[in-house]
Amino acid sequence: MKQLVLDIRPDAPPTLDNFVVGSNDELVAALDAIGPHGAHLYLWGPAGSGRSHLLRASVASARAAGRPALYVPAAEAGDELPQTGDALLAVDDVDALDAAAQVALFNAFNRARGNGQTLLLAGAAAPLQLAVREDLRTRVGQCLVYEVRPLDDEARAAILRTLAERRGLPLADEVTDFLLRHGRRDLPSLLAVLDALDTASLERKRAVTLPLLREMIHAGLDI
């Protein structure tokens, strides 16, 4: 794990700086270097790996640099995608696009060179495994393709310990071990549990221990 920024919270605006890089150094460098008329990129990985974070962060970074940029989740994609010239067009969850939106994305590939757009796409599977129309799958496969590699347990535990220490919240190792064995392992879920533990510790004036965590689970805390 080579990057850890203070502003890692479930509600923090996604940026490239507050993405925990782990073993995704090359991917983050490629996103940081996206420019007009550059190669299209496709990111894939399991749920919770940070795909949407990276798309939103790249859009925010492009806008901050003065470039038009749009984020389009699959659920909001229709039969026509924005044709804004020289824009970064980020389309999320391409594997969830309906038939009309798949045609729209294929058309966006066709006109990208002419209107200066760069496509940044994300999905749950590698291009060959995408359940989309064949011509679109071929176009996605021609992008620069990066797998978003999830954090390993050592990195997750280090993040939890670091953020707990910064809050002045001693976090017993058994708590971290329990969360990684029995809870959801994506970073936003782990940080939400850390927030709940912090609040409970203050309200009950108790240290964060496994018995406290078990009490919270019995009271309805979803880990």
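A residue counts as exposed when its relative accessible area is over 50%, as buried when that area is under 20%, and as partly exposed in between. In this predicted model, lysine 205 has a relative accessible area of 74% and is therefore exposed. Lysine 205 sits in the loop that runs between α7 and α8. Its phi is positive, about 55°, although lysine 205 is not a glycine. Most residues other than glycine have a negative phi. A second case is aspartate 86, a residue other than glycine whose phi is positive and near 60°. Aspartate 86 belongs to the loop between β2 (69–73) and β3 (88–92). With a relative accessibility of 39%, aspartate 86 is classed as partly exposed.

Two packed helices are described by the angle between their axes and the distance between the axes. For helix α7 (residues 187–204) and helix α8 (residues 210–218), the axes come within 11 Å and cross at roughly 105°. The two helices are thus roughly perpendicular. On the α7 side the contact is made by Ala196, Leu197, Ala200 and Arg204, which meet Leu212, Leu213, Glu215 and Met216 of α8. Six of the residues in this contact are nonpolar and two are charged, with no polar residue.

Serine 201 is also part of helix α7. Its relative accessibility is 12%, so serine 201 counts as buried. When residues up to four places away in sequence are not counted, serine 201 touches Leu169, Arg206, Ala207 and Val208.

Helix α8 also packs with α6, at an angle of about 40° and with the axes 8 Å apart. The pair α6 and α8 is therefore oblique. Glu174, Val175, Phe178 and Leu179 of α6 meet Leu210, Pro211, Leu213, Arg214 and Ile217 of α8. This contact between α6 and α8 comprises seven nonpolar and two charged residues, and no polar ones. Within helix α6 (residues 173–182), the residues Val175, Thr176, Phe178, Leu179 and Leu180 are buried. The elements that cover these buried residues of α6 include α5 (153–166), α7 and α8.

The second largest pocket holds about 240 Å³ of space. Its lining consists of His37, Gly38, His40, Phe109, Asn110, Ala112, Arg113, Gly116, Gln117 and Arg139. Helix α3 (residues 99–115) gives the most to this lining, contributing four residues. By class, the lining of the second largest pocket has six polar, two nonpolar and two charged residues.

One of the lining residues, His40, was considered in more detail. Histidine 40 falls in the loop between α1 (25–32) and β1 (41–44). Because its relative accessibility is 19%, histidine 40 counts as buried; the cut-off is under 20%. With residues up to four places away in sequence left out, the contacts of histidine 40 are Phe109, Ala112, Gln117, Thr118, Leu119, Cys143 and Leu144. Among these, Phe109, Ala112 and Gln117 also line the second largest pocket. Histidine 40 and leucine 210 are separated by 170 residues in sequence and by 47 Å in space, C-alpha to C-alpha. Leu210 is one of the α8 residues that meet α6.

Methods. Residues are numbered from 1 along each chain as its sequence is written. This is a predicted model: local features need pLDDT of at least 70, side-chain atom pairs count only at pLDDT 80 or more; totals for chains, interfaces and linings use all residues. Side-chain values use heavy atoms; hydrogens and water are left out. On a 1 Å grid over the protein atoms alone, a cavity is a set of points where a 1.4 Å probe fits but cannot get out, and a pocket is an open set with protein on both sides within 12 Å along at least five of seven lines; lining residues have an atom within 4 Å of a point. Grid points are joined across faces, edges and corners, and a volume is the space filled by probe spheres set on the points. Ala, Val, Leu, Ile, Met, Phe, Trp, Tyr, Cys and Pro count as nonpolar, Asp, Glu, Lys and Arg as charged, and the others, Gly among them, as polar. Axes are lines fitted to C-alpha atoms, for helices over the stretch in contact, and angles run from 0 to 180 degrees between N-to-C directions. Angles under 35 degrees count as roughly parallel, over 145 as roughly antiparallel, 65 to 115 as roughly perpendicular and the rest as oblique. Contact means heavy atoms within 4.5 Å. Buried means under 20% relative accessible area, exposed over 50%, partly exposed in between (1.4 Å probe, protein chains only).
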